[in-house]
Amino acid sequence: MDPSTVLHHPSQVIFQQDYRRERWRNGLGWTREILRLPASGAEWALRLSVAEIEQDAAFSAFPGVERELVLLQGNGVRLHFADGQVAEVLPPHGRVRFAGEQALQGELVDGLTHDFNLMWKRDVLHAELLHRPLVGPMYFFCEPGVAWALHLLGGQAAFAPDSGLPPLQAGDTAWLAAGPRQRHALHGGGELLVIRVTAATAAA
């Protein structure tokens with residue numbers, strides 16, 4: 001798959017009410033899909049979603065995929081891997097990165113959790129996820145090989161008028177496409193998950 005198909009997908013804001021709710025691949029939980037790229041066809045190279053973990057359950061397998069999970073709501077989840085490793089994803093915004101082919105079981109600490117779920121095909125893309133406060137303006141530079149995804153955890157934010165993008169409320173997500181060098185200015189207050197997406201070869 002050509003990474004430029006993903007990186008040059010047009011910039012947009014996806015409002016949380018438009019996220020698509022669907023069953024996990026193994027049927028043991030629910031996911032609200034935010035964005036998958038490419039957008040058409042069964043195969044994707046990048047997927048953003050919010051997992052709703054209602055019960056202790058095995059995670060679906062995604063061979064060839066890297067994953068990162070960030071706690072959004074709830075008291076947390078423990079991931080029990082087949083090799084004996086245990087990773088705790090605890091409040092306020094605990095996170096863990098792991099390979100999609102790893103066999104693991106999720107154990108709820110105390111009740112339902114909602115978790116931001118970033119997945120990317122490691123032979124196509126490289127993704128770097130950061131948790132950042134939003135205090136005043138933040139600037140994101142898009143280039144031919146660099147795109148960004150921004151998920152507003154809390155607060156509110158607005159892009160500069162020249163972006164043509166609508167403002168963000170808590171729970172919304174923006175995709176900023178790669179292309180000719182462009183600076184996107186985001187103003188507001190709150191917390192962001194910031195994801196820098198490049199081609200896999202660019203990160204090597």
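Burial, contacts and pairing in a predicted model

Q: Where is Glu52 placed in this predicted model?
A: Glu52 belongs to strand β4, which covers residues 46-53. The model is a predicted one.

Q: Why is Glu52 called buried?
A: The relative accessibility of Glu52 is 8%. Buried means under 20%, so Glu52 counts as buried.

Q: What makes the pairing of the Glu52 side chain with the side chain of Arg21 a polar contact?
A: The distance between the two side chains is 2.9 Å. A polar contact needs a pair of N or O atoms within 3.5 Å, one able to donate a hydrogen and the other to accept it. The side chains of Glu52 and Arg21 make such a contact.

Q: With which side chain does Glu52 make a polar contact at 3.1 Å?
A: That partner is the side chain of Arg32. The cut-off is 3.5 Å, and the value here is 3.1 Å.

Q: Which residues is Glu52 in contact with, leaving aside its neighbours within four places in sequence?
A: They are Arg21, Trp24, Gly29, Trp30, Arg32, Leu112, Thr113 and His114. Contact means heavy atoms within 4.5 Å.

Q: Why is Arg36 called buried?
A: Arg36 is found in strand β3. Its relative accessibility is 18%; the limit for buried is under 20%, so Arg36 counts as buried.

Q: What does the side chain of Arg36 make a polar contact with?
A: The partner is the side chain of Glu33, at 2.9 Å. Beyond neighbours within four places in sequence, Arg36 is in contact with Arg20, Glu22, Gly41, Ala42, Trp44, Leu46 and Arg47.

Q: Why is Pro161 called exposed?
A: Pro161 has 79% relative accessibility. Exposed means over 50%, so Pro161 counts as exposed. Pro161 lies in the loop between β13 and β14 (168-169). Its C-alpha atom is separated by 9.1 Å from that of Ala185, and the two residues are 24 apart along the chain.

Q: What makes a set of residues a nonpolar core, and how many residues has the largest one?
A: The members are buried residues of the nonpolar kinds, joined through side-chain atoms within 4.5 Å. The largest such core has 28 residues, and those with the most contacts inside it are Leu46, Phe116, Leu118, Leu125, Trp175 and Ile195. Two or more residues of this core come from each of α1 (3-7), β3 (30-37), β4, β11 (113-121), β12 (125-142), β13 (146-159) and β16 (182-199). A separate second core has 18 residues, including Val146, Trp148, Leu150 and Leu176.

Q: Why do β2 and β9 stand at the edges of their sheet?
A: The sheet is open and has six strands in the order β2-β3-β4-β11-β6-β9, with antiparallel pairing. β2 (20-23) and β9 (95-99) each have a single partner strand, so one side of each is left without a neighbour in the sheet. From one strand to the next, the twist averages 25°.

Q: How do you know that β2 and β3 pair?
A: Four bridges join β2 to β3. Pairing requires at least two bridges, so the two strands count as paired. They run antiparallel, and Arg23 stands opposite Trp30 in β3.

Q: What makes β5 and β8 edge strands?
A: An open sheet of four strands has the order β5-β10-β7-β8 and antiparallel pairing. β5 (57-58) and β8 (86-89) have a single partner strand each, so one side of each lacks a neighbour in the sheet.

Q: How do you know that β7 and β8 pair?
A: Strand β7 (residues 77-81) and β8 share four bridges in the antiparallel sense, where at least two are needed. Val77 has Val89 in β8 as its bridge partner.

Q: How many bridges join β16 to β12, and how many join β16 to β13?
A: β12 and β16 run antiparallel and are joined by 18 bridges; Met138 stands opposite Leu186 in β16. β13 and β16 also run antiparallel, with 13 bridges, and Ala147 has Val197 in β16 as its bridge partner.

Q: Which peptide bond has omega of about -5°, and which has omega near 5°?
A: The bond joining Leu37 and Pro38 is cis, with omega about -5°; Pro38 is found in the loop between β3 and β4. The bond from Pro91 to Pro92 is cis too, with omega near 5°, and Pro92 is found in the loop between β8 and β9. Most peptide bonds are trans.

Note on methods: Residues are numbered from 1 along each chain as its sequence is written. This is a predicted model: local features need pLDDT of at least 70, side-chain atom pairs count only at pLDDT 80 or more; totals for chains, interfaces and linings use all residues. Side-chain values use heavy atoms; hydrogens and water are left out. Buried means under 20% relative accessible area, exposed over 50%, partly exposed in between (1.4 Å probe, protein chains only). Axes are lines fitted to C-alpha atoms, for helices over the stretch in contact, and angles run from 0 to 180 degrees between N-to-C directions.
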